[in-house]
Amino acid sequence: MPENSNVTFDLECRQVTKSFGDFTAVDQVSFQIPTGSFFSILGPSGCGKTTLLRMLAGFQHPDKGEILIKGKSVLGTPPNRRPVNMVFQHLALFPTMSVTGNIAYGLKRRNVKREEIRTRVADVLKRVDLPDAGDKRIDQLSGGQKQRIAIARCLVLKPDVLLLDEPLGALDLKLREQMKVELKLLQETFGTTFIYITHDQSEALVMSDQVAVMNQGRFEQVGTPQELYYHPETSFVAGFVGDSNRWEGHIDAIEGERIQIKTVEGESFVGRSIVKHQLKKGDSVEVYVRPESVNIENPKNRSDLPNQCRGEVISVLFDGARSQFLIRLPQTEGEISVAMPQTGEHAQLRKGDSINIAWAADQCLCFRRSSGNHDG
Amino acid sequence: MDKSSYTRFSLWILLLPFVLWLLLLILLPHVDMVSISLRERVSARNYTFSFKNYTEFFIEPLYWRTFVRTAWMSVLATLITLLIAFPVSYYIAKMMRGRLKALLFILCLIPFWVSELVRTYGWMILLRETGLLSTFLQWIGLSDQPVEMLYNDVAIMIGLVYTSMLFMVVPLVTTLDSLDDSLIEAGYDLGGSNWNVLTEIIIPHAMPGIVSGCIVVFMLSLGNYLTPILLGGKDSLWFTEQIFTQFITRFNWEQGSAFGILLLILSSLIVWAGLKLSRQSFTNVMS
Amino acid sequence: MIPTISSSLYFRGTYAVYVGLFFIFLITPLTVVGIFAFNDSMFPSMPWNGGTLAWFLNETEPQLGLFHDEDLLESIGVSFVVACFTTIASLVLATCNAFLFEREQFPGKNLLYILMLTPLVIPGVILGVSILAFSSTIANWAEMQFDYDLEFLRPGITLVVLGQFAFITTIATLVISARLRKFDSSLEEAAMNLGATRIAAVMTVTLPDLKPALIGAGIVCFLMSFENFNTTLMLVGSDAPLTIAMFDRLKEGSTPVLNAVSLLLMVASGVLALISVFFQSEKPGS
């Protein structure tokens with residue numbers, strides 16, 4: 001990722017490493033976050049993202065590496081002096097205090113004058129659109145309101161960086177969808193740098209300017225949501241971000257970027273290699289094809305896509321906009337998921353129907369097969 | 001948090017008062033009592049090391065008989081308390097719902113917010129010759145003269161069971177309450193009888209509560225002084241009474257300490273045996 | 001044997017009667033004590049001679065009422081002072097203990113925790129005599145070495161407070177620890193994240209959350225101290241707390257003035273119990 005040296009960074013990590021006994025939770029992670037951006041760290045549970053966040057907040061100390069905020073190292077700064085604030089996973093609003101008490105808490109610790117506290121609390125409540133909530137108790141708030149108070153409690157302190165530890169996890173689906181949009185808007189109005197960790201790819205993709213995909217203590221890839229989705233650099237990213245059909249196989253032939261793959265089940269595919277992987281003939285590979293990039297062919301008007309299969313619909317998985325067909329490839333007994341086009345076309349397909357499917361070589365991504373570990 | 005000097009400091013600050021409390025009020029007094037029990041007075045302020053206080057205990061039948069009797073009566077009191085309390089606790093925990101349940105539970109606790117002395121006093125008024133029960137028996141014609149029901153073993157037993165009831169009911173209700181109804185339902189659904197469900201689902205689940213209740217009740221009975229003295233009268237023959245006599249009346253601290261240590265050993269042994277038999281750990285049972 | 005599973009009417013009926021009898025067993029002695037406080041007789045026993053308030057209010061012997069009985073009033077005062085000191089000391093140490101065992105990690109923690117629990121299984125009489133013996137040992141030693149009598153280590157109020165403090169602390173620790181265990185420690189981290197020092201975080205966030213438990217534990221401590229007999233008996237000096245004073249009178253032969261004291265105790269305990277139930281069930285923040 002080429003970086004422009006003129007850009008100022010709110011946060012920078014250099015080779016940050018943290019181990020617990022034999023287990024390396026965070027392994028030489030480096031990244032830079034430009035001022036005012038929404039940065040997400042996406043990864044499965046146990047990937048080390050919480051540890052990383054807690055190191056940024058100061059609740060844990062890295063074994064090695066450097067953390068800089070606005071260019072200054074904060075490793076020697078205790079958590080209560082760091083210019084970062086955190087929205088906790090379960091929000092951690094103080095139940096013994098009112099909403100105002102919660103928001104004023106940090107200001108009081110800084111010995112801000114009483115009048116100023118009052119105006120700043122009122123101001124931030126207005127900005128999170130809860131101007132009259134000040135006297136309420138925490139347990140009188142709805143889930144979404146609590147969310148906003150937790151963010152207001154941090155933003156009133158004007159932190160350089162706001163850390164968010166999966167704060168939407170406890171909300172129900174509808175509210176979560178709504179809060180995603182709200183968080184993004186809040187971040188844009190306040191202009192504060194947000195670092196958001198989550199295991200939910202949709203949260204990361206919808207809200208972020210940049211997303212880092214984390215696995216086993218390392219960053220697999222950092223990029224915009226589009227880059228991650230369309231141009232995954234590792235098999236983990238391809239598998240973790242979005243749905244995919246996955247096969248294992250080996251390379252039969254290579255012509256430039258085009259490669260010929262033979263899967264373990266015996267299918268032949270034409271795919272595209274990721275430059276970084278420098279594949280050779282005979283290499284073991286993993287092949288990923290997204291359900292939505294597979295075309296269901298019109299029998300009268302066949303396309304000229306290189307990957308063509310005939311199969312039988314064995315199940316229709318109806319899920320509104322995310323509906324899929326499960327199709328069996330009769331020669332090899334393999335299965336493939338295909339997205340149901342939202343145009344209404346092919347909606348008449350039923351279990352047992354035979355169809356032709358096809359996809360482009362560019363939509364068929366090949367990665368060197370990892371033995372559970374990382375590629376170099 | 002990382003282990004900085006700051007958190008080490010807070011550990012010491014918290015540890016110091018606790019250690020002082022433990023040493024000065026619990027450990028050293030008992031160590032001192034052991035050392036007192038192992039000496040014999042030769043003349044004023046002149047002592048020698050001796051097991052005489054312990055041999056005395058075994059030579060004098062009154063002492064060890066009182067000891068055995070106290071232990072036996074305490075075990076009996078514990079069992080009776082358990083037998084009475086279990087059905088009641090089960091009723092409160094599993095048969096009752098909502099407000100009525102909370103009310104019954106609190107009703108169980110109320111007598112124990114009142115001093116043990118008052119509770120025992122109540123039984124004295126009930127059981128004595130001129131007491132309510134005696135009058136009642138005469139009134140319904142079962143007896144033609146006042147009956148003295150105080151100052152016997154049954155009176156002691158009633159007092160001990162009554163006094164300890166709370167410490168059995170509370171742990172039992174708590175553990176039984178945590179038993180999911182669906183487990184009992186599953187037990188019946190899979191063809192269990194009342195007896196099967198009780199012995200194979202309910203009692204195993206309630207075991208921590210049973211053990212902790214039994215230990216506490218046993219300790220309270222064994223160490224009780226008030227109830228045996230007041231309800232058992234002069235011949236109550238309770239071992240704590242012997243300890244009191246040696247310490248306060250006869251001023252024979254050496255002998256009294258030896259008795260105290262013996263009682264402590266007995267209670268520790270029985271608690272240990274109870275934990276072993278039920279495979280429970282002390283920390284689990286107590287907290 | 002649960003409501004959702006049918007059982008015979010006969011079984012249910014018998015069971016309900018049994019539980020009813022149990023509650024009669026629980027309540028009778030206390031009711032009797034209360035009722036006989038109003039008997040116009042020199043003895044708390046049958047026959048019933050008609051109601052009177054003499055055992056509370058009468059100013060002269062032989063029916064000296066509770067509110068004019070100097071000895072009893074004084075012993076209530078002694079009990080009150082002892083209970084106050086014991087409660088405060090136990091609460092402070094128990095709070096420290098709760099933080100020590102719930103928050104800190106150190107070698108030997110399990111052993112120390114078990115030792116912390118031991119007062120629960122030491123009979124009260126033995127705890128009393130061991131403290132009596134140990135304090136006398138120290139006092140005797142000090143007298144020999146410095147020719148100075150450490151008065152507070154001789155039987156008396158100080159020793160009573162110490163003896164009660166020894167075992168009441170354990171009970172208070174269990175109550176407070178249980179609450180602290182449920183406390184979400186991310187609240188403390190949030191406080192530090194918002195700029196509080198560790199001590200400020202504990203003071204402003206953790207202790208307010210523990211308040212119901214502290215009040216509940218305080219009431220339990222106070223009552224346990226006020227009503228303690230076994231440990232107190234061994235350590236008492238010339239100022240007798242109420243339970244000891246009542247015991248002495250009971251041995252001499254009781255008059256209904258003891259019923260009057262008992263009734264007063266029951267009412268006071270009942271009020272305290274209600275307060276404690278109220279605070280325990282109170283939701284945090286409300």
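Guide: Let us begin with a definition: buried area is the accessible area, for a 1.4 Å probe, that two parts lose on being put together, summed over both. Please note that the model is predicted.

Visitor: How much area do chain C and chain A bury between them?

Guide: The contact draws 23 residues from chain A and 20 residues from chain C. Carbon and sulfur atoms account for 61% of the buried area. The total for chain C and chain A is about 1900 Å².

Visitor: Which three residues supply more than any other three of the area that chain C buries against chain A?

Guide: Together these three supply 38% of the area that chain C buries against chain A. They are C:Glu189, C:Asn193 and C:Leu194.

Visitor: Which side chains meet in a salt bridge at 2.6 Å, N to O?

Guide: The rule finds one salt bridge across the interface of chain C and chain A. The criterion is a side-chain nitrogen of Lys or Arg within 4 Å of a carboxyl oxygen of Asp or Glu. The pair at 2.6 Å is C:Glu189 and A:Arg54.

Visitor: Which element gives the most to the side of chain C that touches chain A?

Guide: Two elements of chain C give two or more residues to this side: helix H7 (186–193) and helix H8 (198–227). With seven residues, the element that gives the most is H7(C).

Visitor: Is A:Asn307 buried or exposed?

Guide: A:Asn307 belongs to strand S16 (residues 307–317) of chain A. Its relative accessible area is 2%. Since buried means under 20%, A:Asn307 is buried.

Methods:
Residues are numbered from 1 along each chain as its sequence is written. Chains are lettered from A and ligands numbered from 1 in the order in which they are written. This is a predicted model: local features need pLDDT of at least 70, side-chain atom pairs count only at pLDDT 80 or more; totals for chains, interfaces and linings use all residues. Side-chain values use heavy atoms; hydrogens and water are left out. Contact means heavy atoms within 4.5 Å. Helices (H or I, at least four residues) and strands (E, at least two) are DSSP runs, numbered from the N terminus. Buried means under 20% relative accessible area, exposed over 50%, partly exposed in between (1.4 Å probe, protein chains only).
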